[in-house]
Each structure stands twice: as C-alpha cells, then as structure tokens.
Amino acid sequence: MRSDLLNLFANFAAGSKATQDSIASKGGLETIMSQTYIDTNNPLQREYSVFALRNLCRNNPGIQKSISEIQFQEVANTSDLAEMGLRAAHKGGANGMEGKKSKIKLEFVKDTKIREEMVERQLLEIEALKAMYPDEMTILTLPSSQKRTPASFSLTLPIQDRNLIIDFSLPLTYPSSPPALKLRYLNSPRTSELEAVNQILKTEVKKRVSGEECLMELISFITTDLFPKRLVGSTVDGKQEGGEEKNLGWVGGRLVRIDHMNDAKGYQKL
C-alpha cells in the first residue's frame with residue numbers, strides 16, 4: 001500500500017510544477033524523504049521514494065533549494081538495530097553533518113551493566129510466560145548480553161478452529177526498546193491473511209513502550225481485543241445462554257459470529 005502511494009506521488013509530480021509545489025507545501029517532501037529505507041513489508045518503497053524525489057526536484061529550483069538547506073538534527077535508532085544490541089551515533093562535526101570528520105557510526109551498547117539488567121528482566125518475564133503457557137510456548141533463543149543474542153520465542157493459541165501463532169523477538173534493550181510481535185496462522189500458506197491485524201498490533205506495541213515489561217498486556221490485547229471471545233449457545237430474549245466460549249476470529253476488518261445459519265436471530269454483529 002505504501003509503495004503504491006509513493007508511486008502515485010512520483011507520477012503526479014512528473015512534469016507538473018504546480019503539483020510539485022502543492023506536494024511540497026503540504027509536507028509531502030519530508031514525508032517522502034522519510035520513506036527512503038528498506039521495508040520488507042513494502043517492496044520497492046525505497047525505490048519509489050527516490051523516484052518521487054527525483055520527479056519533485058526536476059525543473060523545480062525551489063524544491064532543490066529546500067532539500068539542500070536541510071540540516072542534520074539527530075541519528076534515529078531503530079528497533080532493528082536495538083535487536084542486535086547496536087546503536088547509531090554521530091561522531092564529530094559540531095554543525096550537523098558538515099566537516100570532513102563528521103561520521104555516522106554503528107557501535108555496540110557500551111553499558112554492559114544496563115544490558116545485563118535488561119537481559120535479566122527479560123529472562124524473568126520469559127520464565128513467567130513459560131509457567132503460564134507450558135505447552136503453548138516454544139523458546140527458540142534466550143537472551144545473552146555476552147553473546148549479544150536477542151530472545152525469540154513463539155506462543156500457539158487456539159483461535160476458533162485454527163491455531164494462531166504469536167512470534168516474539170526481544171531486542172537486548174527491551175523493555176526500554178519495543179518488542180517485535182507478529183501474528184500468523186499455523187500451516188497457513190497465505191502470508192497476507194493477517195496483514196491488517198499485524199498493523200493494528202504494531203501500533204499497539206508502540207503505545208505500550210514505557211520502560212516496563214508489556215508482553216502479558218500485549219497477549220491480553222491480542223486475545224481480548226483482536227480476537228474476542230463470546231459464549232456460543234442458544235439465544236433467548238437477546239441474551240446468550242449456555243454453551244462453550246469460542247474465539248470469533250478476524251474477518252476482513254470486521255468481527256462477526258454466526259450461530260444458526262437458518263435463523264436470522266442467530267446473526268450477531270460486533
């Protein structure tokens with residue numbers, strides 16, 4: 001989706017100074033520039049961003065000048081770097097990126113004590129999860145500050161008639177840095193089946209980063225908010241009676257439950 005939008009911007013800006021200026025005046029220039037990185041979920045995102053910038057700058061001295069006047073502010077560290085125990089740092093050049101000695105370097109998080117404290121907190125949280133989900137949890141790697149190995153594990157939960165797998169990846173700096181979670185169905189060939197739900201989950205993860213452990217809260221959000229449960233049984237006077245508790249599942253952005261195929265009263269929209 002994002003790649004398609006960038007491609008549209010690139011085509012709209014081609015040969016039209018009015019469109020170029022309109023995009024730039026609404027903050028589109030900065031937005032497009034911020035997309036010039038590789039995203040495995042959005043193939044060709046970087047390429048379309050560069051293509052859009054090329055078309056915006058073509059025969060437009062004003063936009064060319066705006067880009068040339070952009071100054072270095074700070075280095076943005078990503079969760080991918082944090083997963084590897086790395087951080088990007090700006091070295092030298094007091095005035096932004098100016099000067100021959102100004103460089104961006106990758107370095108390991110030097111404070112070993114902080115790293116070890118984070119890893120210890122992760123191990124305690126993983127141990128607690130394992131106690132709660134002894135059969136459902138599969139540990140792939142445990143965190144190690146010495147080997148700089150991030151933690152990775154999965155949780156398999158029954159959702160309706162399918163098994164939902166939650167893949168966890170914890171950077172060495174978690175819980176100061178956000179964890180990475182991804183949902184998938186067991187033995188499902190359709191990788192895009194839960195794309196919309198994963199985007200919602202990604203947003204929720206960002207909301208909960210506060211330096212505190214949040215994996216249990218996120219599991220609760222997944223099972224309660226993304227895949228809520230309802231009692232499945234007979235309906236009398238609008239009230240549910242008896243029956244077992246089942247997950248509803250995610251259906252195209254809308255959650256529904258159908259209890260009786262030939263009874264209109266059995267249709268419930270949530």
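This report describes the helix packing, nonpolar cores and backbone features of one protein model.

The model is predicted; local features require pLDDT of at least 70, side-chain atom pairs count only at pLDDT 80 or more, and totals for chains, interfaces and linings use all residues. Residues are numbered from 1 along each chain as its sequence is written, and side-chain values use heavy atoms, with hydrogens and water left out.

**Overall composition**

The secondary structure of the protein comprises nine helices and 10 strands, where helices (H or I, at least four residues) and strands (E, at least two) are DSSP runs numbered from the N terminus. Of the 270 residues in the protein, 33% are buried; buried means under 20% relative accessible area, exposed over 50%, and partly exposed in between, with a 1.4 Å probe and protein chains only. Among the contacts in the protein with a separation of 6 or more, 44% are between residues 24 or more positions apart, a contact being heavy atoms within 4.5 Å.

**Helix pairs**

Two packed helices are described by the angle between their axes and the distance between the axes. Here the axes are lines fitted to C-alpha atoms, for helices over the stretch in contact, and angles run from 0 to 180 degrees between N-to-C directions.

| Helix pair | Axes come within | Crossing angle |
|---|---|---|
| α1 (residues 2-13) and α4 (residues 45-57) | 8 Å | roughly 15 degrees |
| α8 (residues 195-207) and α9 (residues 215-226) | 11 Å | roughly 135 degrees |

With axes crossing at roughly 15 degrees, α1 is therefore roughly parallel to α4. The angle between α8 and α9 is roughly 135 degrees, which means that α8 is oblique to α9. In these terms, angles under 35 degrees count as roughly parallel, over 145 as roughly antiparallel, 65 to 115 as roughly perpendicular and the rest as oblique.

The crossing of α1 and α4 is left-handed. On the α1 side the contact is made by R2, S3, L6, N7, A10, N11 and A13, and on the α4 side by Q45, Y48, S49, F51, A52, N55 and L56. By class, this contact of α1 with α4 has seven nonpolar, six polar and one charged residues. The crossing of α8 and α9 is right-handed. A crossing is left-handed if the near helix is turned anticlockwise from the far one by less than a right angle, and right-handed if clockwise. From α8, the residues V197, I200, L201, E204 and V205 meet L218, F221, I222 and L226 of α9. That contact has eight nonpolar, no polar and one charged residues. Ala, Val, Leu, Ile, Met, Phe, Trp, Tyr, Cys and Pro count as nonpolar, Asp, Glu, Lys and Arg as charged, and the others, Gly among them, as polar.

**Nonpolar cores**

A nonpolar core is a set of buried Ala, Val, Leu, Ile, Met, Phe, Trp, Tyr and Cys residues joined through side-chain atoms within 4.5 Å. The largest has 29 residues, and L183, I222 and F227 have the most contacts inside it. Elements giving two or more residues to this core are α7 (112-132), β4 (151-159), β5 (162-170), β6 (180-185), α8 and α9. Helix α9 gives the most, with six residues. A second, separate core of 11 residues includes L6, A10, I23 and L29.

**Backbone features**

Most residues other than glycine have a negative phi, and most peptide bonds are trans. A cis peptide bond, with omega about 15 degrees, joins Y174 and P175; P175 is placed in the loop between β5 and β6. Although not a glycine, L44 has a positive phi of about 70 degrees. L44 is in the loop between α3 (28-33) and α4, and counts as partly exposed because its relative accessibility is 48%. N59, likewise not a glycine, has a positive phi of about 55 degrees. N59 lies in the loop between α4 and α5 (61-68), and its relative accessibility is 68%, so N59 counts as exposed.
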